[in-house]
Amino acid sequence: MSDSLEAKKISDSLTEVTHILFPRSLNDMGRLYGGQLLEWLDELAGIVARRHCGGSVVTASIDRLDFKEGARQGDMVYIRGYLTYAGTTSMEVRMDSYVENISDGSRHMINTAFFVMVAVDEEGSPTKVPPLIIEGVSEQAEWEAAKRRMELRKVRRKEGF
């Protein structure tokens with residue numbers, strides 16, 4: 001973990017990756033296997049969170065893993081991850097996945113997910129994360145929505161969900 005808890009911008013940890021779908025990533029219907037996408041999302045969410053906190057992280061929860069559409073062999077899957085919220089030791093990472101049209105570069109969304117990542121020290125105990133600098137109306141709206149999701153997660157934990 002970095003010694004500095006200097007506030008960081010969302011753009012400081014925004015991360016993007018593109019994958020080409022090969023047969024090993026497909027289910028028996030010839031579409032992107034959900035488990036493969038989940039692996040890619042979890043890895044990228046970890047990278048985003050590590051870039052923000054400067055140290056190790058663990059996945060605490062995943063919610064709103066919404067599959068809007070499938071992807072097929074040969075498709076290019078573009079994934080974009082960025083922080084929407086930073087608490088004391090946890091961070092919410094929004095993950096958006098798209099199929100990218102190779103001929104014109106257009107993208108259409110296939111999945112959205114929210115990951116809660118927790119910064120941990122060498123012993124695996126939660127450790128503080130830097131504050132998040134919010135710039136502009138859209139980032140503020142994401143922050144407010146993330147705060148509502150964090151509150152709902154607390155309620156669900158209390159109720160045993």
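These questions and answers set terms used for this structure against their cut-offs.

This is a predicted model, in which local features need pLDDT of at least 70, side-chain atom pairs count only at pLDDT 80 or more, and totals for chains, interfaces and linings use all residues. Residues are numbered from 1 along each chain as its sequence is written, and side-chain values use heavy atoms, with hydrogens and water left out.

Me: Why is the pair of Tyr 85 and Trp 143 called tilted?
Reply: Rings of Phe, Tyr and Trp (its six-membered ring) pair if their centres lie within 6.5 Å; planes under 30 degrees apart count as stacked, over 60 as edge-to-face and the rest as tilted. Here the centres are 4.7 Å apart and the planes stand at 35 degrees, so the pair is tilted.

Me: What makes Tyr 78 and Tyr 98 a tilted pair?
Reply: Their rings lie 5.8 Å centre to centre with 45 degrees between the planes, which is tilted. Both residues are buried, meaning under 20% relative accessible area, with exposed over 50% and partly exposed in between (1.4 Å probe, protein chains only).

Me: What makes a set of residues a nonpolar core?
Reply: Its members are buried Ala, Val, Leu, Ile, Met, Phe, Trp, Tyr and Cys residues joined through side-chain atoms within 4.5 Å. The largest such core here has 35 residues, and Met 91, Val 93 and Met 95 have the most contacts inside it.

Me: Which residues does Met 95 touch?
Reply: Contact means heavy atoms within 4.5 Å. Not counting residues up to four places away in sequence, Met 95 touches residues including Leu 41, Ile 79 and Phe 115.
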